[in-house]
Amino acid sequence: QVQLVESGGGLVQAGGSLRLSCAASGRTSSLYAMGWFRQAPGNQREFAAAIGWSSGNTYYADSVKGRFTISRDNGQNTVYLQMNSLQPEDTAVYYCAADLRGSRSRSLFSDLRYDSWGQGTQVTVSS
């Protein structure tokens with residue numbers, strides 16, 4: 001299994017930036033991809049971004065494309081989410097997730113693709 005620990009959340013004004021980090025430990029040799037999801041109060045968890053662990057290919061939800069950037073440091077087993085031009089609608093708990101099997105029957109955009117999850121970090125954007 002892989003353990004994930006997120007950090008970097010907080011309170012920011014609209015138009016501001018935050019950088020989230022997610023450190024992976026355990027069987028990190030099994031990492032196929034990592035993703036960021038978010039869940040606002042009363043809403044379902046939704047996909048934000050993902051990155052192929054070996055390829056570095058990136059994928060974004062339309063709602064964050066052009067504002068968020070996902071990156072990874074393979075040596076540190078860490079994935080980052082740089083969030084710029086934040087808006088109140090970005091307020092949510094952000095979760096890091098690890099894909100350990102690379103099952104192509106499930107999309108990287110689906111939370112069903114992922115095997116391990118972090119505890120989440122709160123991001124609050126004030127207007």
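**Entry 1: Asn77**

I began with Asn77, which counts as buried because its relative accessibility is 19%, where buried means under 20% relative accessible area, exposed means over 50% and partly exposed lies in between, with a 1.4 Å probe and protein chains only. I noted that the model is predicted, that local features need pLDDT of at least 70, that side-chain atom pairs count only at pLDDT 80 or more, and that totals for chains, interfaces and linings use all residues. I also noted that residues are numbered from 1 along each chain as its sequence is written, and that side-chain values use heavy atoms, with hydrogens and water left out.

I placed Asn77 in the loop between β7 (68–73) and β8 (78–83); strands here are DSSP runs of E with at least two residues, helices are runs of H or I with at least four, and both are numbered from the N terminus. Asn77 is not a glycine, yet I found a positive phi of about 50° for it. I wrote beside this that most residues other than glycine have a negative phi.

**Entry 2: Ser85**

I then looked up Ser85, another residue that is not glycine, and found its phi to be positive and near 50°. Ser85 sits in the loop between β8 and β9 (92–99), and I recorded it as partly exposed because its relative accessible area is 38%.

**Entry 3: the disulfide**

How many disulfides does a search of the whole structure find? I found 1, where a disulfide is a pair of cysteine sulfur atoms within 2.5 Å. The pair is Cys22 and Cys96, with sulfur atoms 2.0 Å apart. The pair links distant parts of the chain, since Cys22 belongs to strand β3 (residues 18–26) and Cys96 to strand β9, 74 residues apart. The torsion about the S-S bond is about -75°, so I wrote the disulfide down as left-handed. Both Cys22 and Cys96 are buried.

**Entry 4: two serines in strands**

I found Ser71 in strand β7 and noted that it is partly exposed, with a relative accessible area of 29%. Leaving aside residues up to four places away in sequence, Ser71 touches Ile51, Thr78, Val79 and Tyr80, a contact being heavy atoms within 4.5 Å. The C-alpha atoms of Ser71 and Leu81 are 6.6 Å apart, while the two residues are 10 residues apart along the chain.

Ser126 lies in strand β11 (residues 121–126), and I listed it as partly exposed at 28% relative accessibility. With residues up to four places away in sequence again left out, Ser126 touches Leu11, Val12, Gln13, Ala14 and Pro88. Pro88 is 38 residues from Ser126 in sequence, but their C-alpha atoms are separated by 5.7 Å.

**Entry 5: the whole chain**

I counted 0 helices and 11 strands in the protein chain. Of its 127 residues, 45% count as buried. Among contacts between residues at least 6 apart in sequence, 57% join residues at least 24 apart.

What radius of gyration does the protein chain have? I found 14 Å, which agrees with the value near 14 Å for a compact globule with 127 residues; the radius is taken over C-alpha atoms, and the globule rule is 2.2 Å times the number of residues to the power 0.38. Along the principal axes, the C-alpha atoms fill a box of roughly 40 × 30 × 25 Å.
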